[in-house]
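Visitor: I am new to this structure and would like to learn how to read its features. Could you walk me through them?

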Amino acid sequence: MNASNYFYGLCPKCNEINKLVITSWNELNNKFSIGDKFDVEASHEVSLSICCDKCKKASSGMTHYDYDGPDMGPLNHYGDATGNISESLKSILQHIVYDVPPLRTNSSLLAEAQKIVEMRMWSSVVIICRKIIDVKTAKIWEEKYHNEQLPEKLKTRIDKLYPEKDERNGKAKVYHRAHAIRLDGNTAAHKEEQFNESEAVDILSFTKWFCDATGSDSGADQDALR
């Protein structure tokens, strides 16, 4: 690979549009066996490292692309005379996710949801947010109605814990937002409908608000997100 290959994009470190020099580019391969033989095919997943020409800080990332062919071939095939691949690989470059640190051990579910946002897996964000309110409402039910059997359905729990008719202290807001998370979570888990970034971020925001509004371990969860 030509070390001078580069593109113009948003630097993950200085958060400015700059020239990003590619220091490594690796298209991953899938290896599998057919009888006694081994075959290799392109995975259409690319990992790369870049260095910002302005702030001089490095970042790394990965992306997946749809490409009509067995593999991309040498990266310098896509650059102009100076090595600029910005236009040729624009559709690939805009989807790269950079510098996602590993999730620490024993993180909260909210921290997991935030990490999934960083990984840009929108439907997964919605599913785990539904799980969060499912777990939280079960704990709150045990505290408030410990002599009553826990309803299996999340809808039943929300309806009784936060009745819509109760407008005092904003409890009706808890009712509506909890049901919004529940319904979107059901859609994400059971239907083919896909969620976009804006929808996933909104659901996570509702979920954080729910944890704060209900006082259900929200302090520990918020600490984990910092």
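Visitor: Does Tyr-162 count as buried or exposed, and why?

Guide: This is a predicted model, and in it Tyr-162 has 9% relative accessibility; because the cut-off for buried is under 20%, this residue counts as buried. Phe-210, at 0% relative accessibility, counts as buried too.

Visitor: How do I describe two aromatic rings that pair?

Guide: You give the distance of the centres and the angle of the planes. A search of the whole structure finds 3 aromatic pairs. Among them is a tilted one between Trp-141 and Tyr-145, with 4.7 Å from centre to centre and 50° between the planes. Both Trp-141 and Tyr-145 are buried. Another pair, Tyr-162 with Phe-210, is edge-to-face, at 6.1 Å centre to centre and 80° between the planes.

Visitor: Where in the chain do Tyr-162 and Phe-210 sit?

Guide: Tyr-162 is in the loop between helix 4 (154–161) and helix 5 (171–190), while Phe-210 belongs to helix 6 (residues 197–214). They are 48 residues apart, and their pair links distant parts of the chain.

Visitor: Which residue lies over the face of Trp-209?

Guide: That is Arg-177, at 4.4 Å from the ring centre. Likewise, Lys-19 lies over the face of Tyr-6, 4.2 Å from the ring centre.

Visitor: And the strands: how many bridges join strand 2 to strand 3?

Guide: Strand 2 (residues 17–34) and strand 3 (residues 37–52) run antiparallel and are joined by 13 bridges. Leu-20, for instance, has Cys-52 in strand 3 as its bridge partner. Their hairpin has 2 residues between the strands, and Gly-35 takes a positive phi near 65° there.

Key: Residues numbered from 1 in each chain as written. Predicted model: local features only at pLDDT ≥ 70, side-chain atom pairs only at ≥ 80, totals over all residues. Heavy atoms only, no water. Phe/Tyr/Trp six-rings, centres within 6.5 Å; stacked < 30°, edge-to-face > 60°. Buried < 20%, exposed > 50% of the residue type's maximum accessible area, 1.4 Å probe, protein only. Helix = DSSP H or I, 4+ residues; strand = E, 2+ residues; numbered from the N terminus. Lys NZ or Arg CZ within 6 Å of the ring centre and 35° of its normal. Pairing = 2+ DSSP bridges.
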